[in-house]
There are 2 protein chains.
Amino acid sequence: MHPLLRRYLPILDWGRSYNRAALSNDLLAAVIVTIMLIPQSLAYALLAGLPPQAGIYASILPIVLYAIFGTSRALAVGPVAVVSLMTASAIGQVAEQGTAGYAAAALTLALMSGGFLVMLGVLRLGFLANFLSHPVIAGFIAASGILIAASQLRHVLGVPAHGHTLFAMVNSLLAHMGQINGPTVAIGAGAMAFLFWVRKGLKPRLRALGVGPGMADTLTKAGPVLAVVLSTLAVWAFDLQARGVAIVGEVPQGLPPLTVPGLSPDLLGQLLVPAILISIIGFVESVSVAQTLAARKRQRIDPDQELIGLGAANIGAAFTGGYPVTGGFSRSVVNYDAGAETPAAGAFTALGLAIAAVALTPLVYYLPKATLAATIIVAVLGLVDLSILRRTWAYSRGDFLAVAITIVLTLALGVETGVAAGVVTSVGLHLYKTSRPHVAEVGLVPGTQHFRNIHRHDVLTDPGVVTLRVDESLYFVNARFLEDLVQDRIARGGGLRHVILMFSAVNEVDFSALESLEAINRRLGESGIGLHLSEVKGPVMDRLKMVHFLRELNGQVFLSQYDAWMALTGGRSGAAARA
Amino acid sequence: MHPLLRRYLPILDWGRSYNRAALSNDLLAAVIVTIMLIPQSLAYALLAGLPPQAGIYASILPIVLYAIFGTSRALAVGPVAVVSLMTASAIGQVAEQGTAGYAAAALTLALMSGGFLVMLGVLRLGFLANFLSHPVIAGFIAASGILIAASQLRHVLGVPAHGHTLFAMVNSLLAHMGQINGPTVAIGAGAMAFLFWVRKGLKPRLRALGVGPGMADTLTKAGPVLAVVLSTLAVWAFDLQARGVAIVGEVPQGLPPLTVPGLSPDLLGQLLVPAILISIIGFVESVSVAQTLAARKRQRIDPDQELIGLGAANIGAAFTGGYPVTGGFSRSVVNYDAGAETPAAGAFTALGLAIAAVALTPLVYYLPKATLAATIIVAVLGLVDLSILRRTWAYSRGDFLAVAITIVLTLALGVETGVAAGVVTSVGLHLYKTSRPHVAEVGLVPGTQHFRNIHRHDVLTDPGVVTLRVDESLYFVNARFLEDLVQDRIARGGGLRHVILMFSAVNEVDFSALESLEAINRRLGESGIGLHLSEVKGPVMDRLKMVHFLRELNGQVFLSQYDAWMALTGGRSGAAARA
């Protein structure tokens with residue numbers, strides 16, 4: 001088989017060894033996941049501000065495409081909470097909720113996001129996701145959880161509130177307090193209480209009854225299905241929609257339609273930044289789930305191929321009435337725990353959902369939106385783990401600052417600003433830290449060939465020779481710093497004849513740093529002081545050889561610092577020991 | 001004297017030792033600089049799209065304020081070419097050239113820029129300027145020079161063209177080709193030819209006649225004054241303004257007015273990003289000029305105090321009818337070469353310009369704009385040095401890419417996009433390079449305590465012990481890389497019992513990297529493999545001690561790699577030598 005085919009189509013790998021045992025495991029997992037996904041898909045579509053069927057459609061073709069192109073064996077792709085929220089925030093800026101333009105913008109967003117992911121994958125740029133540091137992601141997910149819960153309160157209360165920031169949401173809720181609908185609150189609060197009890201109370205009880213941990217988890221995950229069934233029956237039996245309870249209503253019956261996303265330059269321009277952010281957040285979330293699950297079975301995933309798998313899934317969503325999707329944590333864990341062995345489990349899930357779309361949609365006519373909102377709230381409150389603030393504070397103020405800024409700005413200004421600010425802060429802090437590298441003046445440890453900081457150790461020094469050990473790569477952010485430092489050092493020292501820069505920890509010298517070294521060399525030369533380098537790493541040396549610098553160097557390059565010391569001090573015992 | 005006063009008011013330093021000799025040197029320099037600055041100020045105001053007097057006003061109070069707060073002895077502050085172009089680009093987006101709103105926006109821009117610079121100075125954030133790498137600045141200046149020259153062609157041709165990108169400018173010029181004014185071209189082209197001759201032909205001739213190099217330079221710099229005088233006389237004598245030659249016209253006679261910049265939130269919002277970019281570009285240009293001149297006399301400048309000096313100058317410009325200013329290269333060099341010894345020379349220059357504003361403005365009534373444009377074109381073509389492309393290409397493709405992107409985007413999309421893209425590219429490339437750090441598997445050099453790369457040296461290894469030397473700080477961008485690398489290595493090795501991470505080149509471990517180390521520790525533990533650290537630097541160790549990691553470490557921390565080797569291999573000679 002051609003290696004490129006094999007790389008881009010992982011299905012050719014696992015598909016060839018597919019057997020009966022795997023089939024039965026995959027089928028069972030698919031049934032369990034399908035039952036869980038029906039209410040979840042409807043709920044996330046509600047969160048994204050889209051008609052309920054969009055959530056189901058977004059779980060059919062995308063799952064199949066991921067099964068073909070993805071590398072994780074257990075990842076379940078579809079709508080997830082954070083991406084649904086980001087979708088609502090992005091397309092809320094270009095169209096009014098409930099209009100045709102709104103649903104069309106969701107398709108365009110999915111297409112752009114898919115295209116961007118595929119592009120990153122083909123160019124093997126998966127490392128870009130690393131620009132989101134762990135703490136920034138943790139802070140962003142926690143803050144998004146709060147935003148999501150706040151955004152769903154309106155469905156639980158039955159009021160027409162809105163907003164994309166915490167302040168706007170709370171404000172709008174307060175303004176509509178007078179319009180709270182009693183029956184809606186009864187259903188919403190009841191469902192929330194029930195679901196919390198299932199989480200906290202039912203699981204320990206099942207375990208106590210001797211049910212295995214995996215099974216107990218799976219049964220617990222079925223809680224939302226029960227809540228949906230019970231509350232739907234309640235609305236139908238007591239005609240609660242006539243008393244102001246908002247229901248899902250008519251959902252078109254049938255397979256996902258073929259949809260064509262709009263491509264007007266205006267729309268593309270407005271959605272570009274959100275599409276990039278959604279892609280990256282979705283990718284990071286998905287890859288970390290996939291990696292966690294793969295590690296449990298000693299399997300590997302390929303992040304660059306994951307980009308292609310997720311990209312294909314999103315493009316699929318764009319053409320079948322869906323919206324941006326990614327690998328979800330809870331659905332993947334259920335899939336894994338239910339015994340899914342290969343991506344075929346995903347394909348069977350898609351089949352199950354397609355059957356649901358064709359046959360079961362009339363059953364959700366009376367399903368109250370308050371129940372869906374309650375399932376979302378209970379699910380996302382599990383994401384809200386603010387302990388990251390405490391943990392980063394204990395370890396590093398810089399990381400803490402990045403998390404705090406991410407959380408505050410996500411809540412105050414929305415998801416896009418929050419995550420962008422988190423990335424900028426992390427990168428800025430890293431650059432700041434490397435902008436003032438540690439530089440130690442070193443001397444020879446007597447009786448050895450080792451050189452150590454003169455301020456920490458009893459070492460030999462020579463008044464005519466200064467050795468500076470540079471503990472960082474030299475590049476534009478710190479180039480000028482070294483220039484200033486050398487200038488300061490020679491301004492202090494009388495009788496100085498030689499300056500040695502010890503490059504043992506210098507992994508790179510960029511063009512700006514080269515210019516700074518040239519400036520240092522020129523100034524030292526004008527003062528009659530030699531500039532020498534020692535312990536220059538191979539790649540750095542190769543690069544320096546490409547330009548004039550070594551020829552113009554007003555001194556020598558020594559392989560080891562000890563060679564430099566012996567040559568420049570003459571190794572004489574007159575070198576004074578420093579107390 | 002209170003040290004804070006001394007820090008913030010460098011004038012208290014040099015002012016106390018001011019004497020008669022310094023006074024006479026400063027006075028002479030001021031006369032020479034004033035004569036040069038009059039046409040230059042008018043020309044840069046034209047470039048910024050402002051009335052001519054704005055250029056003069058921007059050189060009076062700002063110079064005085066810089067003399068009080070600045071640390072450079074020779075820097076001359078006022079309008080400069082690149083900042084004038086950036087000003088035109090920024091305020092062209094909020095108001096129509098020639099309207100009152102346009103001049104008012106220039107004041108607001110100067111105030112914001114000044115406030116931002118003072119803020120950076122007080123917070124000692126001058127290092128932020130380092131985010132602009134040398135090659136990006138060089139590329140930006142070269143591209144700006146091309147843009148400036150292109151923007152001035154319309155005055156030389158006498159056509160009403162416009163635009164802020166090279167394409168728009170050329171397009172607009174071509175569209176107006178039919179309206180070219182003959183007498184204007186005669187004056188503009190004549191002035192350009194004359195000024196080029198002064199640069200290339202006059203200076204060698206003066207040197208041949210025995211004139212010293214400094215004096216020859218200064219006389220050459222007087223070329224624009226001569227061009228201004230001659231062309232003004234020509235317009236007046238032949239009544240050329242009646243034949244379509246655009247002239248400077250009425251310039252208000254008097255001292256700079258007191259102006260109050262507008263502060264509407266809308267305006268502030270629109271000008272925020274341009275103000276920040278102008279501040280940083282101006283600061284970088286100014287500091288590099290100041291550093292070059294200070295180094296010649298073994299003086300030092302304080303970059304953080306420079307921010308305050310330049311900030312004060314800009315705030316001064318905002319309240320006296322000016323626009324954003326900075327330390328200019330050509331005016332500073334003339335000032336230095338003419339013998340300026342202290343910032344008092346600047347104050348005398350300000351006095352000279354004030355006299356000009358009061359008494360001499362009627363003399364420029366007939367001055368043709370084509371002459372001013374010609375002086376700008378000849379001056380900025382000296383900035384266009386595209387050799388940076390060749391030099392970076394020879395040294396490093398990454399630096400070349402940053403320069404090329406800066407130049408292309410500055411020309412194609414304008415100054416703001418260009419410089420922002422340059423910064424983003426440099427930072428991105430740096431992060432990319434550190435995202436895949438060099439990690440070497442090392443072994444013991446026989447008979448020593450040194451460890452070297454097993455692929456490059458004949459070293460002792462042990463099949464049960466793997467040592468990985470990490471040649472980069474560990475932080476969020478490369479944290480996952482290390483995780484993958486260790487996973488790959490243990491997947492290969494049979495019989496592995498211990499993994500040692502040698503941290504001699506690790507200067508930092510951030511929270512993301514800590515989590516990766518925890519994950520590595522957990523996975524190795526599950527496989528029954530010990531994780532050990534060696535040669536951990538003091539600051540890194542201090543930080544690791546603050547969290548649970550060391551307690552949960554599934555192995556030991558060794559002071560030296562040799563200790564680790566001896567302890568884990570038992571120092572037995574059974575360790576196999578590798579060919």
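Predicted model: local features only at pLDDT ≥ 70, side-chain atom pairs only at ≥ 80, totals over all residues.
## The setting of A90(A)

A90(A) belongs to helix 6 of chain A, a helix made of residues 81-91.

## Chain A as a whole

Chain A has 579 residues, of which 55% are buried, and its secondary structure comes to 25 helices and 10 strands. The C-alpha trace of chain A spans about 100 × 60 × 60 Å along its principal axes. Among the contacts in chain A with a separation of 6 or more, 80% are accounted for by residues 24 or more positions apart.

H498(A) lies in strand 7 of chain A, which covers residues 498-502. With a relative accessible area of 17%, H498(A) is buried, since the cut-off for that class is under 20%. The side chain of H498(A) is joined to that of H532(A) by a polar contact of 2.8 Å. When neighbours within four places in sequence are set aside, H498(A) is in contact with G464(A), V465(A), V466(A), I529(A), G530(A), H532(A) and L568(A).

## Nonpolar cores

The largest nonpolar core holds 134 residues, and the members that touch the most other members are L501(B), F503(B) and V509(B). The element that gives the most to this core is helix 13 of chain A (residues 265-296), with 13 residues. Apart from this core lies another, of 133 residues, which includes L517(A), A290(B), A357(B) and L372(B).

For L501(B), residues up to four places away in sequence not being counted, the contacts are with L468(B), L482(B), V486(B), L517(B), L531(B), H532(B), L533(B) and S534(B).

## The interface of chain A and chain B

The contact between the two chains takes 56 residues from chain A and 57 residues from chain B, and the area buried between them is about 5300 Å², with carbon and sulfur atoms giving 52% of it. Of the area that chain A buries against chain B, Y395(A), R480(A) and F511(A) supply 17%, more than any other three residues.

Four salt bridges are counted between chain A and chain B; E508(A) forms a salt bridge with K433(B), in which the closest N and O atoms are 2.5 Å apart. Across the same interface, 18 residue pairs are found in polar contact, both residues being at pLDDT 80 or more. Several helices of chain A each supply at least two residues to the side that touches chain B, including helix 8 (134-157), helix 20 (415-435) and helix 22 (511-526). The residues on that side of chain A divide into 21 nonpolar, 16 polar and 19 charged.

## Helix 15 of chain B

In helix 15 of chain B, which runs over residues 329-337, the buried residues include R331(B), S332(B), V333(B), V334(B), N335(B) and Y336(B). This helix is followed by G339(B), whose phi is positive, near 100°.

How values were computed: Residues numbered from 1 in each chain as written. Chains lettered and ligands numbered in written order. Heavy atoms only, no water. Helix = DSSP H or I, 4+ residues; strand = E, 2+ residues; numbered from the N terminus. Buried < 20%, exposed > 50% of the residue type's maximum accessible area, 1.4 Å probe, protein only. Polar contact = N/O pair within 3.5 Å; in protein donor to acceptor, adjacent residues only side chain to side chain. Contact = heavy atoms within 4.5 Å. Core = buried A, V, L, I, M, F, W, Y, C linked by side-chain atoms within 4.5 Å. Buried area = accessible area lost by both parts, 1.4 Å probe. Salt bridge = Lys/Arg side-chain N within 4 Å of Asp/Glu carboxyl O. Nonpolar A, V, L, I, M, F, W, Y, C, P; charged D, E, K, R; others polar.
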